[in-house]
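Hi everyone, thanks for coming.

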Amino acid sequence: TLQNGLQIFLTENHEKPVFYAEVVIKAGSSSDPKESTGIAHYLEHMLFKGTDRYGTIDFKKEKVHLDKITELYEKHFNSKKLEDRAKIMAEISQESKLASQYAIPNEFDRMYQQMGGTGVNAHTSNEETVYKVVAPSNCLKKWCLIESERFRNPVFRLFQTEIEAVYEEKNGSLDSKESALYETFLAAVYKNHPYGQQTTLGSVEHLKSPSIKRMYDFYKTYYVPNNMAIVISGDINPEEDIKTIARYFSSWKAKKMPLKKQWLEKDFKGEEAVSVNFPGEEQLMLSFRIPTEGHEDEYALKFMDMILDNSQAGLINVNLNQTLKVKRAGSYPMFFNDYANQTFYGMSKKGQSLEEVKDLILQQIEKVKKGEFEEWLLPAILADFEKSQQSGYESNNGRVSTLRELF
């Protein structure tokens, strides 16, 4: 841990002359402001647009227009009349056109391509935003240069055009039966917490009224070294490379983090049901609330899940899927930092109701409660778990993923 609070995880794997690196921010869509959902994800997109040094041919001239765009978006955010909003958007389009003549699109991507980097990407989820790349092992210093610059003074240029990419993702989710079911399901499980009340992509209403100012506020609040980690696995020399990383990232200033918000989820009132209408096959999702990760029952719950569904020999696999009693069914735990739930899903076959599918799944849960499963199943699950864990540790991505989850 550097003096500014930045945590660094390094692990050696000399199988190939490359390293896989992630920069992890402990903030995602759960930290989105209520009035600006989707901002963490949209910010992830904007952090590929460069800084005052990269991504521009003349920042001084470009900034005049960027400042005007920020001001206009704030005006648009606070405006209620449709005709006023349309007029403001026309001004934004004009200023964006003027600003774009100074922009160099995709400069970060090109810098990585020139050094042989691959898989340049990022993702946002409920509780994290992650920036990732695979690079040649002799390019760690260049990686430090690019990533420390990315977060030094980001400039949210090409803001208007990037919203189209975000809209495309949102429209794809609106057309997806799985997304519609999943979002309705989470909203019923988490009636107060952002886990269920805010989607990572944000609401259509909020995407139509983005605020650059609020995005900068989010960045300044959560993108601070004492809320971030660097995780690297590959053909590296930790003793030497930690010095290089410290040289580039120590200048970041730590900031006091806001107090973590608390959301109370009350117990379910018996069985609660909600439905969503969408074209396609009928499907069921079923949930029980369970303790969060780190609880003493965590591994018992994970074992219970694998007794029910381990893809091959679980009770749901053998008794329901392989015997064709349902079209498909399964289970998985969903662990978040504040709450967790054990999830089951099922698809009915022709002429079968979802109520019947639900009853069949509940029957398998009862079998676990009564210990009605073969004795060989537990040691087999343990062996499979250990094999899977070991296999994960053999890849750079697996090691980094494990360390990120620990962070």
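**A short tour**

Let's begin with helix H4: the cover over its buried residues includes strand E3 (118–124), strand E4 (129–136) and helix H5 (140–152). Keep in mind, as we go, that this is a predicted model.

Which residues of H4 are buried? In this helix, residues 107–114, they are Phe108, Met111 and Tyr112. Looking down the axis of H4, you'd find these buried residues within an arc of 95 degrees, so they line one face of the helix. Gln113 and Gln114, on the other side of H4, are exposed. After H4 comes Gly116, with a positive phi near 85 degrees.

Now to a sheet. It is an open one, made of 3 strands in the order E6-E8-E7, with antiparallel pairing. On average, neighbouring strands here are turned by 15 degrees against each other, ignoring direction.

E6 and strand E8 (residues 340–347) are joined by 8 bridges, and Leu286 has Phe344 in E8 as its bridge partner. Helix H14 (residues 354–369) packs on this sheet, where it touches E6 and E8. Helix H12 (residues 298–308) lies across E6, E7 and E8, at about 170 degrees to E7.

One last stop: Leu207, in helix H9 (residues 204–207). Is Leu207 buried or exposed? With 4% relative accessibility, Leu207 counts as buried. Beyond its neighbours within four places in sequence, Leu207 contacts Ile163, Val166, Tyr167, Lys170 and Leu201.

How values were computed. Residues are numbered from 1 along each chain as its sequence is written. This is a predicted model: local features need pLDDT of at least 70, side-chain atom pairs count only at pLDDT 80 or more; totals for chains, interfaces and linings use all residues. Side-chain values use heavy atoms; hydrogens and water are left out. Helices (H or I, at least four residues) and strands (E, at least two) are DSSP runs, numbered from the N terminus. Buried means under 20% relative accessible area, exposed over 50%, partly exposed in between (1.4 Å probe, protein chains only). Contact means heavy atoms within 4.5 Å. The arc is that of the directions from the helix axis to the C-beta atoms. Two strands pair if DSSP finds at least two bridges between them. Axes are lines fitted to C-alpha atoms, for helices over the stretch in contact, and angles run from 0 to 180 degrees between N-to-C directions.
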